Amino acid sequence: MCSKTLKFRNFPLSEALKDALHIVQSDTVENNYVRYLNRPFLRLACQQTSKRWSKCSSQYHRLHGIEMFLRALAEAIIDENETVHKFKGRKPLTFSLLIDFKEFCQLYELRDKTTNATLPWRAEHEKRYKAFLAKYENCDGSKLAEGLTCLQTTMQKMCENLVLYDRLCYMQELGKNLQIRIQVHYEKLLDEELSPRCHVLIAKKLR
């Protein structure tokens, strides 16, 4: 399941999930697809599970928090027609080293969203960057980012289970509509530490 390409708008949902969307107060069911079953939801469902998270060291959490905060900063300071790409292999070691905007520019490359051409970082970007650093100076933005990642992890399994259960219901409904007796269930093929997407949906035709 790729959250970058998969969208629920034209995705065959089960009737059970469609009925649930009907219950939610909104103008149309189509609006509910966009409101609730959107890319952020899919990205959350596709994240790493809490099992891998629980074994991370405090040092890992500190570095991960810095990386997540800087990624958020990069997205926050660019213009609408711009995008950022992280240079591979370059990771921040300490937050104090990144107070300098030049250090930040060594981690992220600015590009034109339409042409993908490399763009220079401007003084306006630096001004926004310093403003965000000042805003989160007291509460430490990296700790806030890691805390939000923790919250995201606690919600991940629930979102993934919704997607998995919808697929199971859809297969059961399809078999019933085609008047085919099938048995549908999930099996876990791998440990989720090796791969978070470790469940496979198996449908068996019965006699």
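Q: Which residue does Glu160 meet in a salt bridge?
A: Lys157, at 3.9 Å, N to O. A salt bridge here is a side-chain nitrogen of Lys or Arg within 4 Å of a carboxyl oxygen of Asp or Glu. This is a predicted model: local features need pLDDT of at least 70, side-chain atom pairs count only at pLDDT 80 or more, and totals for chains, interfaces and linings use all residues. Residues are numbered from 1 along each chain as its sequence is written, and side-chain values use heavy atoms, with hydrogens and water left out.

Q: Where do Glu160 and Lys157 lie?
A: Both are in helix H8, three residues apart, about one turn of the helix. Helices (H or I, at least four residues) and strands (E, at least two) are DSSP runs, numbered from the N terminus.

Q: Is Glu160 buried or exposed?
A: Buried, at 4% relative accessibility. Lys157 is partly exposed, at 29%. The cut-offs: buried is under 20% relative accessible area, exposed over 50%, partly exposed in between (1.4 Å probe, protein chains only).

Q: How many salt bridges does the count come to?
A: 10.

Q: Which residues are linked in a network of salt bridges?
A: Asp79, Glu82, Arg122, Glu124 and Arg128. Within it, Asp79 pairs with Arg122, closest N and O atoms 2.7 Å apart. Asp79 sits in the loop between H5 and strand S1 (82-86), and Arg122 in the loop between strand S3 (118-119) and helix H7 (123-135), so the pair ties together parts 43 residues apart in sequence.

Q: And what is the N to O distance for Arg122 and Glu82?
A: 2.9 Å. Glu82 is buried, at 4% relative accessibility.
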